[in-house]
Amino acid sequence: LVMPWVVFSQDKSSTDPSIWDQKALLGDWVGIRSSLSEKGYEFTFEYTAEAFSNVSGGVKTGSVYNGLGYGSVDVDAEKVLGWNGASLRFAALWTHGVSPSQYAGNELAVSNIDAYDGLRLHEFYVEKEIEKLSFKIGNLLADEDFVESDYREVLINDAFGQTASWSANTLNGGPAFNAPGLGLRLRYDISKTVYLQAGIYDGDVFDDANGDPLINQHGTHFELGNGQGWTSLYQIGYNGFNVSDGKDLPGWYRLGAWHHTSEFEKHDGTKTDGNAGVFVSIDKLVFREQDEQGLGLFGRVGTAKRDCSRFHWTMETGMNYRGLIPGRNQDVTSLGYIYGKHSNEIMTVKSHESVLEFTYLYQVSPAVYIQPDVQWINRPTGDNTLSDAWAVGLRVGFIF
């Protein structure tokens, strides 16, 4: 899962502009922030607040509040430690609130900041670049490297981030928001546009096969082995956005695969060694007004082993338009659809769950956005006895 904080840049100016122009609400900290930046330290502090109501259908109607605090420091290791081509990141999360999916009753989670409450250690890693090769080692988010998108990420439903064909079919969701995993990721840039990458990670980021979030609630419980296996991801991609001239219509095409070595229970009650799946995705700018304004389309399809997977295959598609309303060049309008097909071997279900989402991100200032959101959830949990749910929400994001 890549979150809204990636949309905006840090404030590196030593002179604070007006609050409507500042890239961070706390500005330059009287020159301290820009001074630290020059020395190789970049700080990020953000808070995302949201309220969601299930206004119809699902399990029952009701309203919830969710909050996400995020803090990190990125270190230019070349400036600070003399490590040529190296960088470090240390990050922490504060998650709190109630899951809106408990009212909607769905598996494709309504919110991508929905997580077990707690203050937790998040990412910490070293990244090193050696010509065309780069590696990252530490506590990593695999979804940040393998499922990022130019157009899906503004949507709030969690399945638009980490594909449910992976997250729902692996052990405890895999190394992704909000639980990174110890691991190593290697990437080789064949050219400016074509790359290969692979990663191997701790097989159980919860350190509990039954999914008890309390075991690793604060992100400081590290356990490798002990029967939890390993998870790995592989990808080949073409990223035309890397060489876009600002006038063309670039695209981003990726083919990925994942594998988990642990023992999984099959739907017939027997055991099998491992689960695996593949997914392919595309982001394509199809109409450009000017600069980054224009219409982009996205699509992704993923599948996993039928006999031990909750979702046999999933599909996401939609559109993203930046600057649709005249004079609102940084606002983003997005419409997305998810279809998750349950395995036919789950005899009690034999169905699907799907979500249609519409959202509009209103950029109040570089440091503040407001985002209303509506989701129609068809067949929550694949249960055709539940009425379709309607979840309506409002998210507000702040950069400090």
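Gly-199 touches Phe-146, Leu-184, Arg-185, Thr-231, Ser-232 and Leu-233, leaving out residues up to four places away in sequence; here, contact means heavy atoms within 4.5 Å. This glycine is found in strand E7 (residues 194–202), where helices (H or I, at least four residues) and strands (E, at least two) are DSSP runs numbered from the N terminus. Gly-199 is buried, with a relative accessible area of 6%. Buried means under 20% relative accessible area, exposed over 50%, and partly exposed in between (1.4 Å probe, protein chains only). Gly-199 and Gly-161 are 38 residues apart in sequence and 18 Å apart in space, C-alpha to C-alpha.

The model is predicted, so local features need pLDDT of at least 70 and side-chain atom pairs count only at pLDDT 80 or more, while totals for chains, interfaces and linings use all residues. Residues are numbered from 1 along each chain as its sequence is written, and side-chain values use heavy atoms, with hydrogens and water left out.

Setting aside neighbours within four places in sequence, the contacts of Leu-108 are Asn-157, Ala-159, Ala-164, Phe-311, Ile-338, Glu-353 and Val-355.

Next come the paired strands; two strands pair if DSSP finds at least two bridges between them. Strand E2 (residues 62–76) and strand E3 (residues 86–97) pair in the antiparallel sense over 11 bridges, with Tyr-70 opposite Leu-93 in E3. E3 is also joined to E4 by nine bridges, and these two run antiparallel. Here Ala-86 stands opposite Lys-128 in E4.

Rings of Phe, Tyr and Trp (its six-membered ring) pair if their centres lie within 6.5 Å; planes under 30 degrees apart count as stacked, over 60 as edge-to-face and the rest as tilted. By this rule there are 10 aromatic pairs. Tyr-47 and Trp-94 form a tilted pair, 6.2 Å centre to centre with 40° between the planes. Because Tyr-47 lies in strand E1 (residues 41–56) and Trp-94 in strand E3, the pair ties together parts that are 47 residues apart in sequence. Tyr-47 counts as buried at 18% relative accessibility, whereas Trp-94 is partly exposed at 43%. Phe-398 and Phe-400 make a stacked pair, 6.2 Å centre to centre with 25° between the planes.

Most residues other than glycine have a negative phi, and most peptide bonds are trans. Glu-131, however, has a positive phi near 55°. This glutamate lies in the loop between strand E4 (118–130) and strand E5 (133–140), and is exposed, with a relative accessible area of 82%. Asn-172 likewise has a positive phi of about 55°. A cis peptide bond joins Phe-177 and Asn-178, with omega about 5°; Asn-178 is found in the loop between helix H5 (164–167) and strand E6 (181–189).
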